Amino acid sequence: MNINKESIEGFFKQCERVLRVSRKPDADEYKTVAKVTGVGIILIGLIGYIITILTEVIFY
């Protein structure tokens with residue numbers, strides 16, 4: 001990977017642009033994102049648990 005002055009300057013310009021565009025979420029948006037994230041974590045855990053149970057039943 002070739003790191004030079006132009007690539008570093010470009011990276012900082014991109015970071016600056018992201019910071020200018022971003023904003024703090026309001027309470028409703030935050031609650032919605034938290035709920036969706038929680039449901040996703042629970043679903044992934046349930047899928048992992050079901051796979052574990054199935055492998056225990058099949059291979060033992």
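**Exercise 1. Determine the secondary structure and the overall dimensions of the protein.**

Solution. The protein contains two helices and zero strands, where helices (H or I, at least four residues) and strands (E, at least two) are DSSP runs numbered from the N terminus. The model is predicted: local features need pLDDT of at least 70, side-chain atom pairs count only at pLDDT 80 or more, and totals for chains, interfaces and linings use all residues. Residues are numbered from 1 along each chain as its sequence is written, and side-chain values use heavy atoms, with hydrogens and water left out.

Next, consider the dimensions. Along the principal axes, the C-alpha atoms fill a box of roughly 60 × 40 × 5 Å. The radius of gyration is 22 Å, whereas a compact globule of 60 residues would have one near 10 Å; this radius is taken over C-alpha atoms, and the globule rule is 2.2 Å times the number of residues to the power 0.38.

**Exercise 2. State what percentage of the residues is buried, and describe the accessible surface.**

Solution. Of the 60 residues, 0% count as buried. Buried means under 20% relative accessible area, exposed over 50%, and partly exposed in between (1.4 Å probe, protein chains only). The accessible surface comes to about 6100 Å², with 69% of it belonging to carbon and sulfur atoms; areas come from the Shrake-Rupley method with a 1.4 Å probe, and for residues only the protein chains shown count as cover.

A nonpolar patch of about 1400 Å² has Leu46 and Tyr49 among its residues. Patches are made of residues with over 30% relative accessible area and no salt bridge; like charges are joined within 9 Å, nonpolar side chains (Val, Leu, Ile, Met, Phe, Trp, Tyr) within 5 Å. Leu46 lies in helix 2 (residues 27–59) and is partly exposed at 46% relative accessibility.

**Exercise 3. Identify the salt bridges and the exposure of their partners.**

Solution. There are two salt bridges, each defined as a side-chain nitrogen of Lys or Arg within 4 Å of a carboxyl oxygen of Asp or Glu.

Step 1. Glu16 pairs with Arg20 at 4.0 Å, N to O. These residues are four apart in helix 1 (residues 5–21), so about one helical turn separates them. Glu16 is partly exposed at 45% relative accessible area, and Arg20 is exposed at 60%.

Step 2. Glu29 pairs with Arg23, the closest N and O atoms being 3.2 Å apart. Glu29 is partly exposed at 33%, while Arg23 is exposed at 61%.
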